[in-house]
Structures are given as structure tokens and as C-alpha cells.
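This note is written for a colleague who is new to reading protein models. Please keep the structure in view while going through the numbered points.

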Amino acid sequence: MDNKKGFLQYRNPADFLPLVLLPLWFLLYRNLQDLTDLLVYDLLNLQKGTHLTESLWFFVFEVPKVLLLLALIIFAVGIVRTYFSPERTRKALEGKSLFTGNVMAASLGIVTPFCSCSAIPLFLGFIESGIPLGVTFSFLIAAPMINEVAVVLLFGLFGWKTALIYVVTGLSIAIISGWIIGRLHLEKWVEPWVYELKAGDHPDDEKLTFSQRIMMGYTAVKEIVGKVWLYVTLGVAVGAGVHGYVPQDFMASFMGKSVWYSVPVSVLVGIPLYSNAAGIIPIVSALIGKGAALGTALAFMMAVIGLSLPEMIILRKVLKLPLIFTFIGVVGTGILVVGYLFNYIF
Amino acid sequence: MEIKILGTGCSNCKNLEKAAREAVAELNLDAAVVKEEDIVKIMGYGIMRTPALVVDEKVLVYGRVPSVSEIKEMLIKK
């Protein structure tokens with residue numbers, strides 16, 4: 001009696017919110033197409049089939065759809081991430097033999113919470129506890145490249161197969177690149193002070209309650225969607241324009257399979273560019289819709305998301321330039337291979 | 001009491017500093033709030049994630065930005 005009252009009394013009301021929000025989400029998601037038809041064809045009375053109408057339809061449909069998907073997945077992933085930490089990952093990676101370490105590091109890179117500002121402390125922490133350079137790189141490659149926002153968007157725009165391919169190839173690139181960098185024994189290109197560093201004992205991991213985990217899920221949604229919604233909207237707007245106005249097969253001429261240089265050009269253009277996943281994917285999807293080959297488009301996206309100028313600048317503090325260039329080169333080549341592979345298969 | 005914020009300058013670190021100062025002000029504590037941005041010194045605390053909240057050289061929170069009320073609770077306990 002008293003126990004039951006206590007349970008309800010001290011429970012944070014926010015804990016029960018998902019029970020209400022989830023059915024609402026499904027309701028909205030299922031009806032998006034009908035709602036869009038209603039708005040564009042009936043209410044605004046636009047002529048079906050014209051460039052403007054189709055662009056608008058794409059925009060009105062895709063923006064809420066993408067935002068809904070984002071909110072759901074970021075919430076779920078946010079909660080999963082509370083069960084992981086760089087400290088736990090480091091402990092799990094200590095002492096692992098080379099290739100196993102690469103596989104684990106890449107896999108953990110996907111689920112371990114990682115903000116690029118923590119790249120340096122994380123790198124130092126891994127190296128200092130004896131984790132090999134190559135294994136550390138597998139983590140650093142996987143973490144930004146395999147991005148849950150990208151997975152969601154690819155799933156929403158292309159289906160689960162494409163999303164799965166993205167994760168699998170991203171993992172492969174992270175594992176193999178890290179392994180290669182390890183085998184090249186490039187420790188001499190790490191700034192020497194890194195190896196001289198003696199870090200202090202690390203504090204105990206915080207014990208989180210389930211209530212706190214749910215709150216962190218909400219916070220993640222608020223933060224990420226808050227940061228990204230404008231890019232998503234702009235990205236979809238550009239995608240809508242391409243969808244409605246660019247003639248079919250225009251893209252095929254220079255991003256299509258038959259042009260051998262489309263993959264390397266996409267990768268080279270993508271490397272210096274940096275965008276968050278949300279902004280670039282709707283553009284990529286519209287390009288594919290107009291004839292760009294899947295492999296080329298994927299390669300472009302991975303080059304943009306996975307390798308970024310800001311990240312390289314941050315890493316310059318701990319890595320010498322030759323190593324940074326090697327890093328870019330190995331990962332870039334991996335992306336290139338993936339691009340060609342997919343153009344070949346699909 | 002010395003409150004130290006460990007961080008290399010990203011927005012989270014600034015938010016933590018702001019929250020910490022607010023907590024100190026609301027509690028009317030006689031505490032100094034300092035920021036440590038040197039990565040070598042930060043590593044001395046053994047953390048792998050910034051930002052971090054250190055009070056009298058003990059790491060209380062790291063890797064996230066706690067709310068002002070949470071910080072106040074932690075400061076009161078000290």
C-alpha cells in the first residue's frame with residue numbers, strides 16, 4: 001500500500017510521456033502521405049504533375065517525415081548511449097589482439113557517446129592505457145561516420161537495405177582503415193608529448209537511474225533536432241527542387257555509373273566539405289532520384305560526413321601532418337572502393 | 001571552495017561554466033569558479049570526456065552538463 005503510493009509519488013511524470021507520445025507518433029507517421037495529398041492537392045488546389053506542385057509535395061511530405069524519424073531514433077539511441085561510455089569502451093578494448101581490437105573499436109564507436117570536442121581527451125585516454133594506435137583510429141573513424149541521424153534518414157528515404165549497407169560499409173572502412181594504419185606503424189607521427197603524458201586515475205563511472213536515462217533521451221532530441229532542423233529543411237528544399245525541376249537522367253551524365261571518374265570526383269569533392277548528416281542526405285536522395293548512381297552518391301555522403309576539416313584541425317594537436325594525411329588517404333580510398341563496389345553491384 | 005570547469009572551449013563547456021556560476025550565485029557561496037583549458041592539465045584528472053566539473057580537486061561530473069539544481073545539490077553536500 002505505502003510502497004505503491006511511493007512508487008507513483010516519486011516517479012518523474014516525464015517517464016510516462018513516451019507511452020503517450022509513441023502512439024501519437026505512429027498516427028502522424030502513417031497518415032503523412034494522406035495529409036500531404038490533402039494539403040497540396042485539395043486545400044491548395046494545385047495541379048498534379050507540374051514541377052512546382054511535385055516539388056512542393058516532396059517538401060511538405062519529407063520535412064515532417066524526416067523530423068519525426070529523427071526524433072524517434074535520436075531518442076532511442078540517446079537512451080542506448082547512456083549505457084556506454086568512453087571509459088567502459090577503453091576498458092573493453094585494453095589488451096585485445098590487433099584485428100579483434102579493430103572490430104570492437106569500430107562497433108563501439110557507433111554506440112559510444114562522442115562529441116568531437118572530446119576527441120582529444122578520448123584519443124589521449126585510449127593511447128595512454130595502451131590501446132594500439134590503429135585500434136584507436138578504428139574508433140575515431142567509426143564514431144562520426146556511422147551516424148544514427150544518417151541511418152534514420154537513409155532508412156526513411158531509401159529503405160532498410162540502404163541503411164544497412166551504409167552501416168556495414170562504414171564499419172568495414174573503419175575496421176580495415178584502422179587495421180592498415182596500425183600495420184604501417186605510424187606511431188612516429190604522433191606528437192611525442194602524447195606518449196609522455198601521465199593521466200590521473202579516472203573517477204568512478206556515474207550510476208544513472210532509468211529516469212535520468214529517459215531525460216537524457218529527451219535532451220538528446222532537443223539538442224540534436226534543435227541543431228539540425230534548419231539544415232534538414234534546407235536540404236529537403238534543395239532536394240525538392242531537384243525532384244521537381246531537374247530533368248530525369250541529367251545527373252546520370254556526370255554522377256552516373258558509366259562515367260568512371262564519378263566516384264573519385266565525388267569523394268574528392270566530399271572530403272573538404274562538412275555537413276551534418278541531416279542536411280546532406282535529402283540532397284543526395286534527390287540526386288539519386290535523378291539518375292546519380294547509388295555508389296557515387298553514398299561515397300559522396302560518406303566523404304562529407306566521415307572526414308571533416310574541423311575534426312582534422314582538432315586532431316592536429318596530437319597528430320603530425322603526415323599521419324593526418326595518411327588517415328585521410330586511407331579512409332578516402334576505402335570510401336572510393338565502396339563507391340565502385342556499389343556502382344558495380346547495383 | 002574552488003570550483004573548476006575542465007573544458008577545451010566547446011559550447012558544452014561554456015554552458016557548464018554558466019550553470020556553475022549560476023548555482024554559486026543562487027547559493028550565495030564563497031567559491032571561486034575557474035576554467036581549465038590546458039589539455040595536459042585536464043588529462044591529469046583522468047577523464048576522457050569534457051566538460052567536467054571539479055570541486056576542491058575532486059571530479060564530480062564529467063561528460064555532460066548537469067542542471068543548475070543538480071549542481072546546487074552537489075555543492076550543498078560538500
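1. The side chains of A:Arg81 and A:Glu148 form a salt bridge, with N and O 3.3 Å apart; a salt bridge here is a side-chain nitrogen of Lys or Arg within 4 Å of a carboxyl oxygen of Asp or Glu. A:Arg81 belongs to helix H3 of chain A and A:Glu148 to helix H8 (residues 148-158) of chain A, so distant parts of the chain, 67 residues apart, are linked. Helices (H or I, at least four residues) and strands (E, at least two) are DSSP runs numbered from the N terminus.

2. The model is predicted: local features need pLDDT of at least 70 and side-chain atom pairs pLDDT 80 or more, whereas totals for chains, interfaces and linings use all residues. Residues are numbered from 1 along each chain as its sequence is written, chains are lettered from A and ligands numbered from 1 in the order in which they are written, and side-chain values use heavy atoms, without hydrogens and water.

3. A:Arg81 counts as buried because its relative accessibility is 18%; A:Glu148 is also buried, at 14%. Buried means under 20% relative accessible area, exposed over 50%, and partly exposed in between (1.4 Å probe, protein chains only).

4. Another salt bridge, between B:Arg49 and A:Glu87, has its closest N and O atoms 2.9 Å apart. B:Arg49 lies in the loop between helix H2 (39-43) and E3 of chain B, and A:Glu87 in helix H4 (residues 86-93) of chain A, so this pair joins two chains. B:Arg49 is buried at 14%, and A:Glu87 is buried at 5%.

5. Within chain B, B:Glu70 and B:Arg64 form a salt bridge whose closest N and O atoms are 3.0 Å apart. B:Glu70 is partly exposed at 25%, whereas B:Arg64 is buried at 15%. Over all chains, the count is nine salt bridges.

6. Chain B also holds an open sheet of four strands in the order E2-E1-E3-E4, with mixed pairing; two strands pair if DSSP finds at least two bridges between them. Strands E2 (32-36) and E4 (58-62) of chain B stand at the edges with a single partner strand each, so one side of each has no neighbour in the sheet.

7. A:Trp57 lies in helix H3 (residues 51-81) of chain A and is buried, with a relative accessible area of 15%. Beyond its neighbours within four places in sequence, A:Trp57 contacts A:Gln33, A:Thr36, A:Asp37, A:Val40 and A:Tyr41, where contact means heavy atoms within 4.5 Å.
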